[in-house]
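Dear colleague,

Please find the structure below. My notes on its cavities and overall shape follow.

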Amino acid sequence: MNILKSKGTFFSALVMVAVVFSCKNDGAVETGSTQGEPLFTVLSSSETGVDFSNDLEENPLTNHNVLSYQHYYNGAGVAVGDVNNDGLQDLFFSGNEVPNRLYLNKGGMKFEDITESAGVNPPNKRWCTGAVFVDINGDGWQDIYVCQYGPYEPEERRNLLLIHNGDAENPSYSEHAAEYGLDDPNESMQAAFFDYDKDGDLDCYVMNESKYALVVYQEVFEDLKEKENLEAASGKLFRNDGGKFTNVTEEAGVLRYGYGLGLVVSDIDQDGWLDIYVANDYSVPDFMWINNGDGTFTDRIKETTRQISFYGMGADIADYNNDAYPEIAVVDMASIDHFRAKTLMASMDTEGFWYFVNTLGYQYQYMFNTFQLNNGNGTFSNIANLAGIAKSDWSWASLLADFDNDGWKDYFITTGFRRYARDNDFRNEMAAIRAANGGTVPMEMRPEIYEKMPQISLPNFIYRNNKDLTFANVTDEWGTSTPTYSNGAAYADLDQDGDLDLVVNNIDEKAFIYRNNASEQAKGNYLRFKLTPEKTGYLPVGTTVTLKNSGNEIQYQEFGPIRGYMGCMEPVLHFGVGDATEVAEVEVVWPDGRFQVLSNVPTNQVVELKQSDAKARKSPKVEHKTFPIAKVDPNELGIDFVHKENEFNDFAKEVLLPHKQSTLGPKVSVADVNGDGLEDFFVGGASGQGGVLYIQRPNGTFEKGPSQPWAELDAVCEDLDALFFDPDFDGDMDLYIVSGGGGDFEGREAALQDRFYVNMDGKGTYGKVGNALPEMHTSGNVARVADFDKDGDLDLFIGGAALPGRYPYPDRSYLLRFNKETLQFEDATAELAPDLVKPGMVKDALWTELNGDDYPDLVIVGEWMPVSVFINEKGSLRNASAEYGTDNLKGWWYSIAQTDIDRDGDIDFVVGNLGLNGKFHADFSHPFNVFASDFDKNGTCDVVLTKEYKGRLVPTRGRQCSSEQMPFIKDKFPTYKDFANAGVEDILGKKNLEEALHLQVTTFHTGVLINNGNGQLEFRPLPNEAQIAPVNGIICQDLDEDGFDDLIISGNNFDAEVETPRYDAGTGLVMKGDGKGGFVPVLARESGFFTPWNVKHINYIRMSNGKDHLILVAVNNGPLEAFRVSGKVLFSSR
């Protein structure tokens, strides 16, 4: 998919849309006892009286079809509100081509259709989308604001404002949008009413789509130079000026073209001012409009996030991990099924991806759902893959709520698209027809072609909160698996039994009323809060309610009915509380800052909260929080190093490479190089940039060493690791530097030679020794020192990286034995450790003692490698991984550290892996695989990543990018369907696979290896907070001086190929050890250790005062960062 080229509209080109198909039916089951039933029961229309169906009459010969009007299947919404003030929640359904419908709740899940008498379809009703209940005139009756768009001229599709006529017995409405100034004529999707300027009345934001979907970008930007075109493509902010609304979009700073689909109003930065989040479809990044408190907003999406969804659909903002910091959930269209993913989704256009990022300055966007974990410091990390919700097919509503009343918010997602116009084979067939007919599809052919679009019905997904940052897909178990085409959705306690029911608007099928059976099944208790503001009609959006119980247990919610997709929720805050019969404390903060506290509140009731009972909030003391680990400006310490990566496109030749191999540095090495008792450090440079040696001064600052020969002589080399040691036993620290690199060194392997520099005067003046090492024109990653043969001198292990340009083939590793007579290192690998010649792509290693014979053993880890244990048998090293139980512990290991974790007197290990927040998944029963060979015999190494699907291995990459690497694929599999149905054996051939390099991953968990003292190492994964990102660096230190080592970990990888979301969620983590093998996460907002950069290594250096330490953080293509640890660290209890 080349997103830089024009795609056009109508039958002359394809829109990017998808499918979902089901038979039209009543969808129902008869009800009775709920015991033994799923959590949700789909009630029949005959039982509820709700028979609304958003039917569409497609016509390929007009513009009423998805090929002519790309938003044709975007569906319609549902709003919940009480139209007759009887305390029961009524239902309003928007209709596209069909009339809107209003249903009066009669109790007991019975509804009466009052559409005709209510007058909710005025003459100017066209194509309705989202709707919201709001008492806009403060008369005590719920009015309805209805958005409109559709294949009509702007003047025909102005938004509607249905004003309640004030009759409870026979509720009816009159349309007055123009009178109030709210008759927006643009392609409106949803609106939200809230008090953005805190003047005591309700303002309005209208979220709009735009006409520019699939138009070439240069044409879009040229067209937007006309202000009226920009205004027509932008959302609108209307300020309430005495009951009439004034368009203040431009002066408020929110005039921006976009493709708004998801809308949530929330105080995102928790500063007391309401912000606006808009999830945008297509290329425009989501808007995070942060309220500046002066009537203006600023989009902070790039500052607060690190990646977002590309096709942003529905959105929600809510606290799912009960820490009072709300998360942001946005859905996209990635398929959970291999076949659909390979047929319905085009490959990411690499050129377009970087055009958005580098030229337009957009945030990184990927075609997956995002789930932004709130870091509690104004930033977010996308953990959708860790949470288990990165893919949910073509998704619309995104709703976080506690559906099983256990006290934790679950996740409901509606899915469906009536016809998959973006099916790759269909698009190709259309392109061929257009090419044969002058660039268009003849009118007589259109009906037949239109029917060829695939139709696939899918369920609405629901996920139970596992209370550990993850969700479990319980769609079948909870009863939402009926296939359909669903769009707008809302939740409410329709039958007043203390649980949340669901209402869903479907295309070409009757709306779903999901009755929640949680209360009947005694799943948990509840507590509900009805908000009564002082001013009649004022919607107190932004009111927060926090429940607190003993043991630091909290729940937090913020009131705001507009969320999900075209959904207006009930105006009540619902809390599940599990087994609790009483809540110790309820704190309520109203939008004006006043608060109230309720104590010992019994559960299973609806509590009315009156703003008139609230007290003025005391002015909080301005506190500058001091962190136990404090970031310091390295420049103030004399450290001015900035790593500058040389530009190289690894993917130009290695198209299917999962991530770059040319951007793996730098690392930091620590030693006292001048004999003054103070620790100094060396940080490596990229190719074209020398590393730097820094000498610590007595005052705790640093200066550059007196000589830097590596920069003068060897700047062409890429420094991947450095090792200080004293091989000549002259009492000072010499320096070994490992040279490495990726495909940029293919053909110039001489620059991969490792280097040795001797400390000539013991004062840190270094000179290069040219003949100390054997010829090593190979790529390395790590160097470790030990006297492995117990002959009284120091020897080396050098871990090899990937063979440049031939990932995942490993380059050489070395066991270098020091020769005292020649003062040279000799390659003894083949003689003494043949299994170490090419053990894999080694990322880290350490010498240790495992069997008590006083000979140092070796443990190495790497990518596509097991944790490999080499036992030293009096100077020769033997692979004993199977004996120690680690031979099948295969991962993308990046780091290893050792300490006595459980205080039993032996050495345990901490091993850093990719983590669980990546696109790829593996376990021991379903490993992740790679095959590599020159499959197409053209002289290049072809990489094929595979996963298991329905009992066989299939490629993870699609037909388009796979054929760019291996062109024969297009000829062998002429259609995307053919490719999607093929296993990797069908594609590459059984014999070729047998002859290829085949590697596996069985776990991506970061964890600890506990030495049980019986020759076995037991792997235990660390908590999920440690699985958010790759762990490239590990420090083991007893930070709080309790006798147990704690952990400091950090890492990211910003250089994945563009179809894989980059691994950028890491923020660094401190973990308090309990001395028994367990660790408790101490998050950045409590520890102060916050490292959101492309971190490749961390190290610990003692400061000159003998008490403080620095954590040095080595960042790829960025400055070296530093954190001060001042004495004993006192961890917060939360």
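**Cavities and overall shape**

The largest cavity holds about 260 Å³ of space. A cavity here is a set of points on a 1 Å grid over the protein atoms alone where a 1.4 Å probe fits but cannot get out; its volume is the space filled by probe spheres set on the points, with points joined across faces, edges and corners. This is a predicted model, in which local features need pLDDT of at least 70 and side-chain atom pairs count only at pLDDT 80 or more, while totals for chains, interfaces and linings use all residues. Residues are numbered from 1 along each chain as its sequence is written, and side-chain values use heavy atoms, with hydrogens and water left out.

Lining the largest cavity are 24 residues (an atom within 4 Å of a point), and Y491, Q557, E558, R563 and L573 lie nearest its centre.

The second largest cavity has a volume of about 80 Å³. Its lining has 13 residues, with Q307, N382, N385, N917 and R1062 the closest to its centre. In total, the structure holds 13 cavities of 30 Å³ or more.

As for the whole chain, its C-alpha atoms fill a box of roughly 105 × 75 × 60 Å along the principal axes. Of its 1134 residues, 65% count as buried (under 20% relative accessible area, 1.4 Å probe, protein chains only). Among contacts (heavy atoms within 4.5 Å) between residues at least 6 apart in sequence, 61% join residues at least 24 apart.

Regards

Key. On a 1 Å grid over the protein atoms alone, a cavity is a set of points where a 1.4 Å probe fits but cannot get out, and a pocket is an open set with protein on both sides within 12 Å along at least five of seven lines; lining residues have an atom within 4 Å of a point. Buried means under 20% relative accessible area, exposed over 50%, partly exposed in between (1.4 Å probe, protein chains only).
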